[in-house]
Amino acid sequence: MASKTVTVGSTVGLHARPATLIAEAAGGYEEDITLTLVGGDQGDKTDAASALMIMAMGAEHGDDVTVTSDNAAAVERIAALIASNLDED
């Protein structure tokens, strides 16, 4: 199992646009990809392929999120998206 912790780069946090872009990317993988908000309830794992669940996680700009999957490439791709400012065109 691969995991990586990154800081949310989007200025609005993981809300509508960023969550949708992350969920679309995660949906392209066969393996499950989960997100966990560091400092939150550590038992709460969020399905990275669900934009609604990502938004409900409540991750704000500057929060740390751990990405976990059996697919290391998927972890790297989703972590990179979370770390970038997805609010920019």
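Me: How do E2 and E3 pair, parallel or antiparallel, and over how many bridges?
Reply: In this predicted model, E2 and E3 are antiparallel partners joined by two bridges. Within that pairing, Thr34 has Asp47 of E3 as its bridge partner.

Me: Which strand order does the sheet have?
Reply: The order is E1-E4-E2-E3, an open sheet of four strands with antiparallel pairing. E1 and E3 (46-47) are the edge strands, each of which pairs on one side only.

Me: What holds strands of a sheet together in general?
Reply: Strands of a sheet pair through backbone hydrogen bonds, and the arrangement may be parallel or antiparallel.

Me: Back to this model. How many bridges join E1 to E4?
Reply: Six bridges connect strand E1 (residues 2-7) with E4, and the two run antiparallel. Lys4 stands opposite Val67 of E4.

Me: And E2 with E4, over how many bridges?
Reply: Strand E2 (residues 33-37) pairs with E4 over five bridges, in the antiparallel sense.

Me: Which residue in E4 is the bridge partner of Leu35?
Reply: The partner of Leu35 is Val67. Val67 also stands opposite Lys4.

Me: Why is E4 described as largely enclosed by the rest of the structure?
Reply: Strand E4 (residues 64-69) has six residues and five of them are buried, so the strand is largely enclosed by the rest of the structure. Buried here means under 20% relative accessible area.

Me: Changing topic to helices: which strands does H3 lie across?
Reply: Helix H3 (residues 72-83) lies across E1, E2 and E4. The helix runs at about 5° to E1.

Key. Residues numbered from 1 in each chain as written. Predicted model: local features only at pLDDT ≥ 70, side-chain atom pairs only at ≥ 80, totals over all residues. Heavy atoms only, no water. Buried < 20%, exposed > 50% of the residue type's maximum accessible area, 1.4 Å probe, protein only. Pairing = 2+ DSSP bridges. Contact = heavy atoms within 4.5 Å. Axes fitted to C-alpha atoms, helices over the stretch in contact; angles between N-to-C directions.
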